[in-house]
Amino acid sequence: MADEQITTIGGCYVCKRTFTFTPASVMKVMIDPETGLPPGVTVWGAFREPTPEATARSVERPICPDCVARAERLGEFAQPPPPSFDTWRSGGP
Ligand SMILES: [Zn+2]
């Protein structure tokens with residue numbers, strides 16, 4: 001009973017898709033509504049020290065599981081491929 005999960009409907013910051021999520025467990029990103037980017041990130045993608053104003057006005061935006069999974073896959077590019085990949089690729093005729 002104490003474990004009940006309150007779900008909310010919101011739009012994914014990345015793909016704009018509307019999805020249902022649990023606020024306590026969803027992946028979120030802080031966004032400065034003035035720039036549409038995380039506080040401290042400029043429109044050119046550079047990072048600088050966020051101003052207190054930018055941090056104060058920033059709101060948390062949810063990210064849907066699809067976009068989280070895609071980001072995780074992109075992150076794997078920096079890591080060596082798992083050994084099972086070679087086995088799968090050499091399994092041809
Ligand atoms: Zn998304």
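This is a predicted model: local features need pLDDT of at least 70, side-chain atom pairs count only at pLDDT 80 or more; totals for chains, interfaces and linings use all residues.
I started with Cys67, which comes out as partly exposed, since 17 other C-beta atoms lie within 10 Å of its own.

Next I looked up where Cys67 sits. Cys67 belongs to helix α2, which covers residues 65-75.

Then I asked myself which residues Cys67 is in contact with, once neighbours within four places in sequence are left aside. I got Cys12, Val14 and Cys15.

β1 takes in residues 8-11, and β2 takes in residues 18-21. I find the two paired in the antiparallel sense, over four bridges. As for a particular pair, I noted that Gly10 has Phe19 in β2 as its bridge partner.

The hairpin of β1 and β2 has six residues between the strands.

I stepped back to the whole protein. I count three helices and four strands, and going from the N terminus the order reads β-β-β-α-β-α-α. How many of the 93 residues count as buried? I have 10% down for that. On contacts with a separation of 6 or more, I noted that 46% come from residues 24 or more positions apart.

Last, I checked confidence. The mean pLDDT of the protein is 81, and 77% of the residues reach 70 or more. Where is confidence lowest, and where highest? I find the lowest in helix α3 (residues 84-89), with a mean of 52. The highest is in strand β2, at 96, the strand that holds Phe19, the partner of Gly10.

Note on methods: Residues are numbered from 1 along each chain as its sequence is written. A residue is buried if 20 or more other C-beta atoms lie within 10 Å of its own, exposed if 12 or fewer, and partly exposed in between; C-beta atoms are placed from the backbone. Two residues are in contact if their C-beta atoms, placed from the backbone, lie within 7 Å. pLDDT is the predictor's confidence in each residue, from 0 to 100. Two strands pair if DSSP finds at least two bridges between them.
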